[in-house]
Amino acid sequence: MPAFRQVGEKQLPQEIIFMAWSPKRDLIALANKVGEVLLHRLANFQRVWSLPPSDSTGKDVTALAWRPDGKILAFGLADTKKVILCDVEKPESLHSFSVDSPITYMHWMEVTEENSVLTSFYDAEDESNLLLPKLPPLPKNYSTTAKIFSEEKSDEIMKLMGDVRLNALVLGGNDGFIEIYAYGMYKIATVTGVIGSCLALCLSSDLKSLSVITEVEVSPESDPEITYFQLDTSLLSTYLPEVTRMARKFTHISTLLQYIKLSLTCMCEAWEEILIQMDSRLTKFVQEKNTTTSVQDEFMQLLLWGKASLELQALLMNQLTVKGLKKLGQSMESSYSSIQKLVISHLQSGSEALLYHLSELKGMAAWKQKYECLGLDASGIEEAVTAVGSFILKGNELLQVIDSSMKNFKAFFRWLYVAMLRMSEDHVPPELNKMTQKDITFVADFLTEHFNEAPELYNRKGKYFNVERVGQYLKDEDDDLVSPPNTEGNQWFNFLKNSNHLKESPLLFPYYPQKSLHFVKRQMEGIIDQCLQKPSDVIGKSIHQAFSLPLYKASKSEDSASRLFKLPFLWNDKTSNLHYILFTMLENSISKIYILRRHTDVSRTANNGLLAIDFGNFLNNSISESSSTSFYSCLDAHFYDDDTITVIITENIEQEGKDRILAQLPLSSIYTEENQELEFSWNSGQRLDMQCDGIPTRTVTIEGQWRMLENMKAQYVAVNGVRKVSCVLSSNLRHIRVFEMDVEDDGEAEEEEEEEATQVVGPDQEELKQTTENPEKSVCSDSGELTDQIEEHESSLRA
């Protein structure tokens, strides 16, 4: 009777290069060769959603990893050197960041160590939520990227950060590139000293060591060497409470910076360039008019005497028009009002929250005994606080400019609207026909300030006028403001100017009257990034190589796509604090799989540090068990859980169409009392494949837990012991079968009955049924997008 129950099968149109099971749900993420990321459900392998490649994010997926809570999927892109964090609920990017080298592998782990200090920290984490108001969601009608903060059902920051417990995303790339990101967002370590391109890595859950396997190019002519490194990360383990608290604060800061950036994006989208048209029309008017009278005088004559030159009448009545002026006034008022609301409710609230977390971080840095060794620098944080203060000042300045501009433009448009109605001999409403001396003075001051010609602007901006003052604050330029605020006569500025002591006071935030809001924001981001970078450098330098072992030589001729799947494979046993490394050395022994295990504490050694596994015969009873011939070769192997390895093996007998076998290999059958004393004598001067004859070999016979994979050239496997599922991929990278591993299959006829039964009584299947019937409660609501025709075609492929 074959073990395991097949629950799905697909023939996919594109070659799959990555597959990873969700740690918490019956979902598997796939990435194909064209750069598409797919999410499928266990039941019948239904597609939940797909994220197509794009020019903005990238098209060359090279790594895939789930956050430990299963709510966020991370993938790396080589062409854009980006890492994308994607929401499991829908195919949208929640967060992205750039890296210096293309990512070749990523691993996302969660710290399991508990102590009283951490527990008290977890309980106190919500203090900021009590002291700070919740960030208002950004308007949905602006940028699509702002939608990640418009979900009312969830806290925006917590959605990205996940659980309070520390989790770390480890990235590996070419040329020894390794970085560790707390909560997948804040870089806590930049690792140096590792050579080669990263093939696999695994950070232990106790944070004591990092296992890395790289491919090292010894010379251009020779085949690359596969090498194992164990790096000592004990600083992270020793200062776990401090690292957790610091990382949590830095992640808050990183998220708030993104919130402020999106707020500014919405402000830029709310700003309409319609008023700039007035600048261009006035400039054209100056270039074409025949009189020597200035534009300011032309409008002054219209204000005082109610008379306009023929040229000014043509400008107003033919180009601007009464209807156009009315539309211009309405657009201006709507635009300025939207920007004003965004500054007050979003930009200021985000900046104040940023100031709060930086101030708390500054207090942490003052505790040098705890945080100095982690690189937390009080002076750098002080500079960041000052930069945020300058940004808040610039935001307040923008509010003042908006307020004055709205008042000025309302009075100006009201007067000009009445004047144009009189020119056209239209009826003037009585409520608009009254204009006091105060109103005339107000409009005259506005014309004097805004309608004076500035010839230097023409060389810089191609116009003589800058009537609209708000837009210059929202332009992402390094140039000074065209019309900076006038500080002459300001008592506070005069007081500061005459006080030498206050000029240098750290209590005063620097003010940049000549710069735009965008410029001050970029300056603030640069200072904060520099502040966040120092701990990463300090912690990275503390991580050093504790052990290295050249394993074997790889083949240069391997296909790059299939190389992404191949062994070696790393696993961290959280209970026993062990690193396991599974690998094969095909050049020397195609049948054996090797298991190297190291203690996560680099000062300790593990028994049976290296063993070779030979698979005994369990299919053909006519072959003698005492034969020295190896019966099976291992094609792929992954840890199913801490006690079991899932393998795909094939018979060594030369025959056409031989079937592959999916099997479970208990570690108890490998590490028995009989071979406890078998230890390998290392020769550090040689590669492992050069001394493989001395490696202790254990012959195991798989009993019961195996299944023949008929009509499929199975090559690779992905498993999840928590959900008790596996996914097998064929050598052509397109044919997939999905299995539930803790049940037995009595045949294809009973399979559908069992599915129906488990959908009623099984908790996982019941959840699946509910989410299918109620799309709003679904993990991803568009899971039923596949057509019936495709389902019928693919069902014919099932075993």
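Contact here means heavy atoms within 4.5 Å. Welcome to this predicted model, where local features need pLDDT of at least 70, side-chain atom pairs count only at pLDDT 80 or more, and totals for chains, interfaces and linings use all residues. Residues are numbered from 1 along each chain as its sequence is written, and side-chain values use heavy atoms, with hydrogens and water left out.

**Helix α7**
- Helices are DSSP runs (H or I, at least four residues), numbered from the N terminus.
- Just after α7 comes G306, with a positive phi of about 70°.

**Nonpolar cores**
- A nonpolar core is a set of buried Ala, Val, Leu, Ile, Met, Phe, Trp, Tyr and Cys residues joined through side-chain atoms within 4.5 Å.
- The largest nonpolar core has 120 residues, and F299 and M267 are among those with the most contacts inside it.
- Helix α11 (residues 378-423) gives the most to this core, with 20 residues.
- Leaving aside residues up to four places away in sequence, M267 touches I339, L342, V343, L347, L398, L474 and L517.
- Another core, of 28 residues, lies apart from the largest one and includes I593, I595, F639 and L667.

Definitions and conventions:
Buried means under 20% relative accessible area, exposed over 50%, partly exposed in between (1.4 Å probe, protein chains only). Helices (H or I, at least four residues) and strands (E, at least two) are DSSP runs, numbered from the N terminus.
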